[in-house]
Amino acid sequence: MKFGYTILYVPDVAASLAFFEKAFGLGRRFLAETGDYGELDTGATALSFASQELALSHHPAGYVFASGSEKPLGVEIALVTGDVEAAHARALTAGATELTPPKAMPWGQMVSFVRCPDGTLVELCTPVGG
């Protein structure tokens, strides 16, 4: 068994891909012709996006979508960087909302938290132990 990918259910796949490209510098792996599924190149494990309509076709009973929740969902995407301050500023410039400004943690890691326009909670952090 190995971890394959994470899929975020979003209102507009193309818009979320574009935001992640601009805010975090991630490259687009692809966007389906239908526009309801896309992936970013994040290394061995892809970060994927699917439309909320596609999600509902798999589970018609529904979901709590991040975009419709006043508070961030209890799950985050962590992006590791050597410069949290610069990454945080870039994300805000691209349209993210600041939740927690960059701060040093007791274990030596620098972290910040932003919320994307699609509702996704993103932690920006230095490597653990580095």
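Me: In which sense do E5 and E8 pair, and over how many bridges?

Reply: Two strands count as paired if DSSP finds at least two bridges between them. Here E5 and E8 pair in the parallel sense, over 4 bridges. The labels come from DSSP runs, numbered from the N terminus: helices (H or I) have at least four residues and strands (E) at least two. Please note that this is a predicted model, in which local features need pLDDT of at least 70 and side-chain atom pairs count only at pLDDT 80 or more, while totals for chains, interfaces and linings use all residues. Residues are numbered from 1 along each chain as its sequence is written, and side-chain values use heavy atoms, with hydrogens and water left out.

Me: Which residue stands opposite Leu79 in E8?

Reply: Leu79 stands opposite Leu124. Leu124 is also the bridge partner of Ser112.

Me: What is the order of the strands in the open sheet that contains E5?

Reply: The order is E5-E8-E7-E6, and the pairing of these 4 strands is mixed. Strand E5 (77-80) and strand E6 (97-104) are the edge strands, each pairing on one side only. From one strand to the next, the twist averages 15°; such angles run from 0 to 180 degrees between N-to-C directions, and axes are lines fitted to C-alpha atoms, for helices over the stretch in contact.

Me: In which sense do E7 and E8 pair?

Reply: Strand E7 (residues 110-115) and strand E8 (residues 121-125) pair in the antiparallel sense, over 5 bridges. One of the partners in E8 is Cys125, which is bridged to Val111. The hairpin of E7 and E8 has 5 residues between the strands, and Gly119 there takes a positive phi near 95°.

Me: How many residues of E8 are buried?

Reply: A residue is buried under 20% relative accessible area, exposed over 50%, and partly exposed in between (1.4 Å probe, protein chains only). In E8, 5 of its 5 residues are buried. Both faces are covered, with Leu121, Glu123 and Cys125 on one side and Val122 and Leu124 on the other.

Me: Which helix lies across E6, E7 and E8?

Reply: Helix H3 (residues 84-94) does, running at about 10° to E7. Its buried residues are Val84, Ala87, His88, Ala91 and Ala94. Seen down the axis of H3, these fall within an arc of 125°, so they line one face of the helix. The arc is that of the directions from the helix axis to the C-beta atoms. The buried residues of H3 pack against H1, E6, E7 and E8, where contact means heavy atoms within 4.5 Å.

Me: What caps the N-terminal end of H1?

Reply: The cap is Asp12, with a side-chain oxygen 3.2 Å from the backbone nitrogen of Ala14. Just after H1 comes Gly25, with a positive phi of about 70°. In H1, the buried residues are Val13, Ser16, Leu17, Phe19, Phe20, Ala23 and Phe24. Seen down the axis of H1, they fall within an arc of 160°, so they line one face of the helix.

Me: Which strands does H1 lie across?

Reply: H1 lies across E1, E2, E3 and E4, running at about 165° to E2. An open sheet has these 4 strands in the order E1-E4-E3-E2, with mixed pairing. Strand E1 (5-10) and strand E2 (27-31) are at the edges with a single partner strand each, so one side of each has no neighbour in the sheet. The twist averages 25° from one strand to the next.

Me: Is Ser51 buried or exposed?

Reply: Ser51 counts as buried because its relative accessibility is 7%. This residue lies in strand E4 (residues 46-51). Not counting residues up to four places away in sequence, Ser51 touches Val10, Val13 and Asp36.

Definitions and conventions. A polar contact is a pair of N or O atoms within 3.5 Å; within protein, one must be able to donate a hydrogen and the other to accept it, and residues adjacent in sequence count only if both atoms are side-chain atoms.
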